[in-house]
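I opened my notebook to look at strands and aromatic rings. Here is the structure I worked from.

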Amino acid sequence: MFGAAVLFGDKRPVLLRDARWDDPGSAKQFNQRFVAGAEEALLLEWLKNNRFAVDPASNRAERLVESLPCGEFVEVSWRAEEGKLLDVAATVAEAGCL
């Protein structure tokens with residue numbers, strides 16, 4: 001039963017699978033997709049499609065990935081001007097382990 005829970009549990013979004021805990025620079029796929037100059041709307045759409053809770057007033061989004069053996073907290077923050085990203089960071093952190 002535990003194996004099935006691990007296998008079929010919640011997973012990080014694909015673009016964040018390479019991210020290491022507490023190391024925003026390690027999310028290489030994410031960082032390559034959302035570079036400075038990219039459309040902010042594309043980031044917002046990606047966040048929505050990946051079930052993030054978005055706070056547009058603070059340019060932050062978060063999601064709890066409830067999986068086994070460890071849950072993870074994912075946070076994305078960004079700065080934009082005139083609809084274009086200036087910078088963006090994604091951080092994955094441990095949110096409790098069995």
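I began with a term: strands here are DSSP runs of E, at least two residues long, numbered from the N terminus. The model is predicted, and I kept that in mind throughout.

**Entry: the hairpin of β3 and β4.** I looked at the turn first. Two residues lie between β3 and β4 in this hairpin, and E82 takes a positive phi near 55 degrees. Next I checked the strands themselves. β4 covers residues 84-97, and it runs antiparallel to β3. I counted the links: 11 bridges join β3 to β4.

Entry: Which strand pairs with β3 through six bridges? I found β2, residues 60-65. β3 spans residues 70-81, and the two strands run antiparallel. They form a hairpin too, with four residues between them. Here I noted L64 opposite F73 in β3.

**Entry: aromatic rings.** How many aromatic pairs does a search of the whole structure find? I wrote down four. Are F30 and F34 buried or exposed? Both are buried. Last, I traced the cluster: F30, F34, W46 and F52 form one aromatic cluster.

How values were computed. Residues are numbered from 1 along each chain as its sequence is written. This is a predicted model: local features need pLDDT of at least 70, side-chain atom pairs count only at pLDDT 80 or more; totals for chains, interfaces and linings use all residues. Side-chain values use heavy atoms; hydrogens and water are left out. Two strands pair if DSSP finds at least two bridges between them. Rings of Phe, Tyr and Trp (its six-membered ring) pair if their centres lie within 6.5 Å; planes under 30 degrees apart count as stacked, over 60 as edge-to-face and the rest as tilted. Buried means under 20% relative accessible area, exposed over 50%, partly exposed in between (1.4 Å probe, protein chains only).
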